[in-house]
Amino acid sequence: MSGSDLAAAVEDVLAVDAGDFRSRAEDEAAVIKEELDAGTFDNPQAIVGLEYEFYAVDRETSALARVPRRLLEFIGFEKELGLHNAEMCTSPQPLNAYGLAAQEAEVNARLRTALDCVRSSGLRLVSDGMWTIPPEGEPTGQYLGRSVEDRGVRIASNMSDSVRYHAMANTAGADAVGMNVGAPHVSLSADTVMPESLITSIQPHYQVPHADDLPEYFQYALRIAGPLLALGVNSPFFPPDLYDDAPAERILDDGWMSHRIHVFEAILNPDGGTGKVRFPRDLDSVEEAADRIAADDTIVPMPIEESNRFDDAFATFRQKHGTYWRWVRPVFEGASKSAANARIEFRPIAGQPTVRDAIAFQAVFAGLMESLTRREHPVASLDWQDAHENFYAAMHDGLDAELTWVTNDGRETHSYDEIYADIFDHAKDGLSSRGLSEDEAAKYLWPLRQRARRRTTPADWKRREVQERLADGDEFAAAVHGMQRAYIDRQADTVIGDSSFADWLDD
């Protein structure tokens with residue numbers, strides 16, 4: 001899409017009446033509630049899926065690189081926020097041994113094809129939490145901040161032609177997003193939401209068998225969010241040219257293990273106010289989930305294109321859900337009545353070093369959703385405020401965070417060993433209840449068990465790499481870039497197949 005065409009499309013968005021859009025979304029929430037009452041969103045068994053984001057780098061230098069749009073379409077990946085981003089969405093599968101194997105096989109097969117295709121363009125796709133090497137000859141702030149005006153419409157130069165994202169910088173609702181990052185020793189402002197493209201993630205989905213039970217699953221998902229985030233932290237550094245002139249030791253001492261969480265919140269939340277990206281409250285009913293989405297602040301009232309899908313009956317609601325940013329969020333969707341589903345999308349986990357690590361998180365999340373609900377695990381009684389504090393403690397400190405948990409026998413504990421023993425035991429129980437053998441369940445859990453046993457995450461690995469380079473005399477920027485190249489080089493040999501991040505720790 002040319003710049004002028006994109007500006008015209010943004011103008012079409014700006015012409016949509018926000019009040020009418022909001023009213024339609026609220027009316028359509030009533031349609032969803034009617035279908036909930038009718039059992040339309042119920043399914044006989046749990047279903048799992050996965051969204052998986054990548055960024056592209058130059059094969060020779062590991063500098064950030066843009067992915068040609070035609071190439072992205074050819075490899076069957078979807079465009080994401082930045083021109084350097086690519087996203088894969090798996091086909092939903094039943095939660096059983098064959099379904100999880102199919103998820104892993106699909107990711108490996110499609111990623112293998114994509115890696116082979118982008119190689120001819122001198123590119124590599126990276127699975128990570130945040131990139132740190134900007135494009136050749138282009139400082140990070142310049143790459144993220146460059147924009148132009150076309151017919152009075154602000155267009156980010158390095159953003160994909162997703163009209164919704166460009167419209168955020170131009171709509172009257174733009175004041176509802178911050179577009180500012182303020183992490184330790186880092187300050188970044190922009191005219192668009194482009195700085196969000198610093199970060200990449202995986203997003204497991206779990207489809208609940210009975211939609212009325214969604215609040216119970218949701219409650220447990222919030223309680224496990226902190227401990228799983230702590231296992232998955234993978235963004236301890238920004239690109240070095242974004243830091244102020246603080247000594248490297250202070251940057252390391254003050255830095256967080258998951259800056260990705262902060263970037264998403266800081267860019268898309270208003271300065272000093274309650275934002276749309278946040279740790280959500282518990283739900284009292286499945287109907288409340290629909291009402292929350294409908295009542296959420298409208299930033300971009302997009303025009304609606306309808307087809308013959310079942311969920312076109314709530315097309316405006318679905319469009320609004322696209323900017324309903326919560327770290328755990330409910331989803332109501334379905335191209336047909338038979339495919340209609342209510343599911344939970346789990347969004348805290350960064351992109352991981354290998355596919356096997358990503359699938360491990362998918363399996364652990366799904367196993368916990370199965371076991372904790374079926375066993376009526378007492379961690380449901382953990383106060384919401386404690387779950388909230390767990391989440392942000394994990395963001396700051398990873399596996400060194402002090403977390404609060406309620407054990408299987410109802411005791412409150414802060415014991416690291418008790419917390420993760422309980423989590424893995426119930427994840428294994430949940431997978432076993434879906435027909436996985438003991439060996440199959442153990443295979444999926446092994447990569448994350450090793451992290452917990454060794455108290456080492458990808459963020460820890462990155463910090464250690466940087467510290468070693470600093471000790472060898474590197475300047476901070478060279479140390480971070482050296483770490484990043486080592487990460488990418490190691491991943492090139494291990495991202496697909498049976499290897500996991502745990503194997504990196506054995507070398």
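Author: What follows is a conversation about charged side chains, their partners and their surroundings. Please keep in mind throughout that this is a predicted model.

Reader: Good to know. How many salt bridges are there?

Author: The count comes to 29 salt bridges.

Reader: Let's pick one, then. Which residue does glutamate 288 meet in a salt bridge?

Author: Its partner is arginine 292, and the N to O distance between the two side chains is 3.3 Å. Both residues belong to helix H10, which spans residues 286-295, and because they are four residues apart there, about one helical turn separates them.

Reader: What about aspartate 409, is it buried or exposed, and which arginine does it meet?

Author: Aspartate 409 is exposed, its relative accessible area being 56%, and its side chain meets that of arginine 411 in a salt bridge of 3.2 Å, N to O. Arginine 411, for its part, is partly exposed at 38% relative accessibility.

Reader: Which residues are linked in a network of salt bridges?

Author: Such a network links Arg309, Asp311, Asp312 and Arg318.

Reader: Changing topic: which residues gather in the patch of negative charge on the surface?

Author: The patch brings together Glu34, Asp37, Asp42, Asp212, Asp213, Glu216 and Glu376. To take one of them, aspartate 212 is placed in the loop between strand S9 (202-207) and helix H7 (214-232). Its relative accessible area of 53% makes aspartate 212 exposed, because exposed means over 50%.

Reader: And where does glutamate 376 lie?

Author: Glutamate 376 lies in the loop between H12 and helix H13 (384-397), and it is exposed as well, with a relative accessible area of 61%. Its backbone deserves a look too, as phi of glutamate 376 is near 50°, a positive value in a residue other than glycine.

Reader: Why point that out?

Author: Because most residues other than glycine have a negative phi. Arginine 455 also has a positive phi, near 50°, and its place is in the loop between helix H15 (438-454) and helix H16 (458-471). That arginine, Arg455, is partly exposed, with a relative accessible area of 40%.

Reader: Now for aspartate 357, is that one buried or exposed?

Author: Aspartate 357 counts as buried, because its relative accessibility is 0% and buried means under 20%. It is found in helix H12 (residues 355-374), and a polar contact of 3.3 Å joins its side chain to that of arginine 451.

Reader: One last thing: what separation is there between the C-alpha atoms of alanine 9 and aspartate 357?

Author: Those C-alpha atoms are separated by 39 Å, and the two residues are 348 residues apart along the chain. Alanine 9 is found in helix H1 (residues 3-14), where it is buried, with a relative accessible area of 18%.

Notes:
Residues are numbered from 1 along each chain as its sequence is written. This is a predicted model: local features need pLDDT of at least 70, side-chain atom pairs count only at pLDDT 80 or more; totals for chains, interfaces and linings use all residues. Side-chain values use heavy atoms; hydrogens and water are left out. Patches are made of residues with over 30% relative accessible area and no salt bridge: like charges are joined within 9 Å, nonpolar side chains (Val, Leu, Ile, Met, Phe, Trp, Tyr) within 5 Å. Accessible areas come from the Shrake-Rupley method with a 1.4 Å probe; for residues, only the protein chains shown count as cover. A salt bridge is a side-chain nitrogen of Lys or Arg within 4 Å of a carboxyl oxygen of Asp or Glu. Lys and Arg count as positive and Asp and Glu as negative; His and the chain ends are not counted. The place of a charge is taken as NZ of Lys, CZ of Arg, CG of Asp or CD of Glu. Helices (H or I, at least four residues) and strands (E, at least two) are DSSP runs, numbered from the N terminus. Buried means under 20% relative accessible area, exposed over 50%, partly exposed in between (1.4 Å probe, protein chains only). A polar contact is a pair of N or O atoms within 3.5 Å; within protein, one must be able to donate a hydrogen and the other to accept it, and residues adjacent in sequence count only if both atoms are side-chain atoms.
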